[in-house]
Amino acid sequence: GCAFHFTADLGLAADDGRALESEAVVTPVEPSRAPLRILLAEDNLVNQKLACRLLEKHGHRMAVAGNGLEALAMLERETFDLALLDVQMPELDGLETARAIRDRERRTGIRLPIVALTAHAMPGDRERCLEAGMDAYVSKPIQKAQLFAAIAQAFATVGPSNR
Ligand code: MN
């Protein structure tokens, strides 16, 4: 599990009506209000712990995969509300994993909100992530405001019907 050393308010900036810093639109769909079952696919242990800590502190329940293949296997066994996919992973990277998830959804008809985690904010990264079927994008090191804004954006993209 994750040990907590945070005392910061982890609420979205949108909670108090201020504009979010990212491109995310302010939306009444507030993912932090309800506990979510979140699949995190990330091969870096430090980033795994950081993301777990931030999200568990907010009441969400985490399942961690070390690469895209593990993530796909977990999605076969369990239903998640949200996926966070690191772009650079061994075995199957985040882009390929997102494409596989979207392919599978053509059969199921259910759309999983997906947030990309990327190590470097390179030109074209965002477009590559969106093209692969991801809904939002956050660059590492993970910062709580950007992460929660990206999650809100992913839910806004998918729409409230999946909640
Ligand atoms: Mn990685």
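**Close-up 1. Manganese site of the predicted model.** In this predicted model, the manganese ion is coordinated by D43 (OD), D86 (OD) and Q88 (O) at 2.0 to 2.1 Å; donors are N, O and S atoms within 2.8 Å of the metal (3.2 Å for Na, K and Ca), and because water is not among the atoms, sites may look incomplete. The sequence spacing of the donor residues is D-x42-D-x1-Q. Helices (H or I, at least four residues) and strands (E, at least two) are DSSP runs, numbered from the N terminus. D43 is partly exposed, with a relative accessible area of 36%, whereas Q88 counts as exposed at 52%. Buried denotes under 20% relative accessible area, exposed over 50%, and partly exposed the range in between (1.4 Å probe, protein chains only).

**Close-up 2. Surroundings of K140.** K140 lies in the loop between β5 (136–139) and α5 (144–158) and is buried, with a relative accessible area of 13%. Leaving aside residues up to four places away in sequence, K140 touches E42, N47, D86, L117, T118 and A119 (contact: heavy atoms within 4.5 Å). The side chain of K140 makes polar contacts of 2.9 Å with the side chain of E42 and with that of D86. A polar contact is a pair of N or O atoms within 3.5 Å; within protein, one must be able to donate a hydrogen and the other to accept it, and residues adjacent in sequence count only if both atoms are side-chain atoms. D86 is also one of the residues that coordinate the manganese ion.

**Close-up 3. Helix α3 and its buried face.** The N-terminal end of α3 is capped by D93, of which a side-chain oxygen lies 3.0 Å from the backbone nitrogen of L95. The buried residues of α3 are G94, L95, T97, A98, I101, R102 and E105. Viewed down the helix axis, these residues fall within an arc of 160 degrees and so line one face of α3; the arc is taken from the directions from the axis to the C-beta atoms. They pack against α2 (68–77), β3 (82–86), β4 (114–118) and α4 (125–131). R106 and R107, on the other side of α3, are exposed.

**Numbering and criteria.** Residues are numbered from 1 along each chain as its sequence is written, and side-chain values use heavy atoms, with hydrogens and water left out. Local features need pLDDT of at least 70 and side-chain atom pairs count only at pLDDT 80 or more, whereas totals for chains, interfaces and linings use all residues.
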